Structures are given as structure tokens and as C-alpha cells.
Amino acid sequence: MLDLVQLTFLSLVVGLSVTMLTNLGTTIYLHRSLAHKSLTLKTPLAFLCRLGLWLSTGIRPRQWVAVHRKHHVFTDQEGDPHSPVLLGWKKVQFMNVALYRRTANDASTVARYAKDIPRTKIDRLLFDHALLGLALGLGSLIAIFGPTCADKFAPKVDKIKILSSQKLFNSKNIDLITPRIIIEQIDLLEKEII
Ligand SMILES: [Zn+2]
């Protein structure tokens with residue numbers, strides 16, 4: 001059972017780790033490997049990067065590559081998808097997702113700048129469904145670390161009785177814990193203490 005401080009610490013560690021892995025996936029896989037072809041990743045590692053990015057961001061690699069290559073072609077000139085010189089630092093910092101999506105969703109840009117990354121069968125079935133990736137990724141984190149187990153959020157004190165509908169009835173419906181059940185559980189606790 002974790003107390004609030006431990007839970008907060010765990011959340012920070014998990015959050016920073018996911019962010020760090022996503023950044024590594026972006027810089028090594030999307031940027032260096034796919035966009036610039038300056039290194040080649042072994043297939044299993046490339047697949048892991050792709051899977052991790054799909055689960056944490058929903059990004060489609062060929063779109064990211066197209067946006068990035070266009071940025072290099074038009075750096076700080078008309079046509080750059082996210083130039084702070086043209087659009088201002090604040091806009092690029094705070095509206096970056098919208099700026100990215102505007103260019104990423106332009107089919108002609110993707111066709112022109114990411115010709116070498118075709119849309120494959122696995123893209124159609126899985127990786128092109130960004131919301132599915134995000135739902136699976138976030139859902140897994142919530143299932144593992146989130147409020148799905150009453151034990152995790154109970155105060156760390158001796159002789160505490162946790163009433164969890166999941167444990168008592170294998171159900172998330174807390175209405176199943178009626179006043180009668182609470183009294184029964186208190187009686188049980190008293191007997192355990194005595
Ligand atoms: Zn680059």
C-alpha cells in the first residue's frame with residue numbers, strides 16, 4: 001500500500017519516464033532514422049519505437065517526417081510549418097500541435113515529402129488510428145497506476161478496513177456497498193482487533 005507522497009513520487013517517475021522515452025523515440029527514430037536516414041535501426045527496435053510513439057502520442061511517422069522535411073526545405077521562409085521567425089515564438093510554442101496538425105493532415109505534403117514511407121497494411125489496421133493508440137496507452141497507465149485499486153489510495157494507518165466493491169463483489173459499482181455491508185465489515189474488523 002502506497003501513501004500519498006509515494007504515489008506522487010511514483011506518478012512523477014512514470015510521467016518523466018514516458019516523456020523521456022517519447023523524446024528518445026522522436027529524436028532517434030522519427031528524426032535521425034526516418035527523416036534524415038542518418039542511422040538505421042534494427043527492425044525490432046524500430047517497431048518498438050513506433051509502438052511506443054503510437055501509444056504515447058498517436059503520431060503517424062510518415063506525417064511527422066513530411067512536416068519535418070518541409071521545415072528543412074523552407075526553414076524560416078514562407079512554407080515553413082513552424083517557424084518562430086515568421087509566426088512568433090509564442091505561437092510556435094503554444095500552438096505547435098495545431099500547426100503540426102495543419103501540415104500533417106495535408107495529403108499533398110505527405111505524398112511529396114514522405115514518398116519513401118508508404119502507408120502499409122499495419123498502418124491501415126493499427127497505427128493510423130491515433131486515438132486508439134492513445135486510448136490503449138493511457139488506458140494501460142491508468143490500469144497500472146491509476147485509481148483502479150482502493151488499496152493504493154487508502155491512508156497508511158494500522159488496522160484499517162478497505163471497503164472495495166471490486167474486492168467484495170468483483171464489480172465497480174460502489175452502490176453495492178450498502179449500510180448493512182458496512183456494519184458487517186465493522187463487526188468483522190472488531191473481531192479481528194479483539
Ligand atoms: Zn532535421
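How many residues does helix 2 have, and what does it reach from its first C-alpha to its last?

1. Helix 2 (residues 43-56) has 14 residues and reaches 20 Å from its first C-alpha to its last, close to the 20 Å expected at 1.5 Å a residue; the expected span is 1.5 Å times one less than the number of residues. Helices (H or I, at least four residues) and strands (E, at least two) are DSSP runs, numbered from the N terminus.

2. The model is predicted: local features need pLDDT of at least 70, side-chain atom pairs count only at pLDDT 80 or more, and totals for chains, interfaces and linings use all residues. Residues are numbered from 1 along each chain as its sequence is written.

3. The protein chain has 12 helices and zero strands. Buried residues make up 16% of its 194 residues; buried denotes 20 or more other C-beta atoms, placed from the backbone, within 10 Å of a residue's own.

4. In helix 2, the buried residues are C49, R50, L53, W54 and L55. Just after helix 2, G58 takes a positive phi of about 75°.

5. The largest nonpolar core has 18 residues, and L30, L34, W64, V65, A66, Y113 and A114 have the most contacts inside it. Two or more residues of this core come from each of helix 1 (4-35), helix 2, helix 3 (61-73) and helix 7 (107-113). Such a core is a set of buried Ala, Val, Leu, Ile, Met, Phe, Trp, Tyr and Cys residues joined through C-beta atoms within 7 Å.

6. Neighbours within four places in sequence aside, V65 is in contact (C-beta atoms, placed from the backbone, within 7 Å) with L30, L34, A35, Y113, A114 and I117.

Definitions and conventions:
Buried ≥ 20, exposed ≤ 12 C-beta atoms within 10 Å, placed from the backbone. Contact = placed C-beta atoms within 7 Å.
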